[in-house]
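Subject: Structure for you to look at

Hello,

Here is the structure I said I would pass on. Please open it first, then read the notes below it.

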Amino acid sequence: RTNGPQGRLGFCFAKASQNSSRPYRSTQHPSLNETFSNPVELKNHKYVLINTIHQIQPVPRAALKGFWGKFPPKFPFFCIFLFVLLLPPSVWSQGTAAFQTRQTWSFPEDGVFFSNDFSGARLNGVTRTASNTYRLEISPETAPINDSPWYAFRVWANTNRNLSLTLAYTNGTHRYIPKIQTGSSWSTLSSSNLTVNANQTEATFTQAVSSTVRTVAGQPLVTWEEQHAWANGFTNLPFVTRTEIGRSVQNRPLYRLDAVTAPTNAFGTLILMTGQHPPEFTSVTAFRNFVGEILDDSAQAREFRRRFNVVIFPLMNPDGWHHGHWRCNANGEDPNRNWSGSGPTNVPEVRAAIAALRTISNPVAFLDFHSTEINVFYTGTDDAEQPAHLVPEFLGALAETETNYTWSRSINDTGQG
């Protein structure tokens, strides 16, 4: 501990990085951007820690001498080394996005409470505007940003009551109808209970609350821990293995699953990916069902795996999922806009995936699951880079079997999705 106003040294370090509201990266000094890009290298972390320590007002040398004199000669160095090792990985590399402050808001006038202190939450501020009436601030991790305003918060009260809640968006417009979780079940708010203003920057609804904690979110929430646990469940199959391909900005693991059943002279490898954008949980549902079908024990699945091997990337942006970001990783970068070359250093998630993809032999198809306001398939052109018949036949079969499913195709051959 220090005797200064900052309190614990570790807290000062974390606070210095979390309070950064600058969503940009330095163009004049790009080397500074790489400080947080590789959370595995201790030398970079020491650099950050030392620079943060220098922000604390120096303690007089005489006081330090008197303090250290109470301990064995090598004790101070051991303590410093131990302190460095015990700092959690997330402290080493917070990233440069505009992180929300995790907290619980208490309003004793109504006996009402709001919280964003859980994985996947997004709530930037709460203001009581009248009795049982609240304005909830929702803002992104960087701007400008794709209009995908994610929100997720918990609400409860000392006594039963109805609240008027207004979602107020900064740098975005209302997109997701509120979903409410009570216990383990989710329900969708009735559209008749939702009023959106003319420019769609505010959405107001009535929510019944009680001592039971309810989660309100744009989509039924899936945490990054739950997604990893789901993917890990497939390793119980004898033909599935899991490999860590790298780490995120904040040192969360990135995995791939390999389902290897086809002989070496088989048709090739199917590649599946999801989880680049945090709010797109409907695509995660589709991805889970798709993977489950392919790895099933049905005759059709076994026949497919006799011809094709499968490589699965179950979660590409665990930091973004954890922080309730709209699109980006912990450095405020959209992973899906950074797939050129080997990937930039401030998007280690994409760099790890690109390196892993380059080890896959004979890839025949790559499906990246997203969700948006319409059903659309973004594909490459029907040329030498993919079999000319692949996409047309796939979409043709889809039209024949799913007659109630409407969709469109968008050809994108620019390398940006």
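Phe281 is buried, as its relative accessible area is 5%; buried means under 20% relative accessible area, exposed over 50%, and partly exposed in between (1.4 Å probe, protein chains only). This is a predicted model, in which local features need pLDDT of at least 70 and side-chain atom pairs count only at pLDDT 80 or more, while totals for chains, interfaces and linings use all residues. Residues are numbered from 1 along each chain as its sequence is written, and side-chain values use heavy atoms, with hydrogens and water left out.

Now the aromatic rings. The structure holds 15 aromatic pairs. Rings of Phe, Tyr and Trp (its six-membered ring) pair if their centres lie within 6.5 Å; planes under 30 degrees apart count as stacked, over 60 as edge-to-face and the rest as tilted. Trp150 and Phe281 form an edge-to-face pair, because their ring centres are 5.2 Å apart and their planes are at 70°. Trp150 also counts as buried, at 1% relative accessibility.

Phe267 and Phe308 are another edge-to-face pair, with 5.5 Å from centre to centre and 85° between the planes. Phe308 is buried too, with a relative accessible area of 18%. Ring pairs also join Trp230, Phe234, Phe287, Phe290 and Phe369 into a cluster.

Two arginines sit over rings (CZ of Arg, or NZ of Lys, within 6 Å of the ring centre and within 35 degrees of the ring normal). The charged end of Arg154 is 4.0 Å from the centre of the Phe118 ring, and Arg242 lies over the face of Tyr255, 3.8 Å from the ring centre.

Regards
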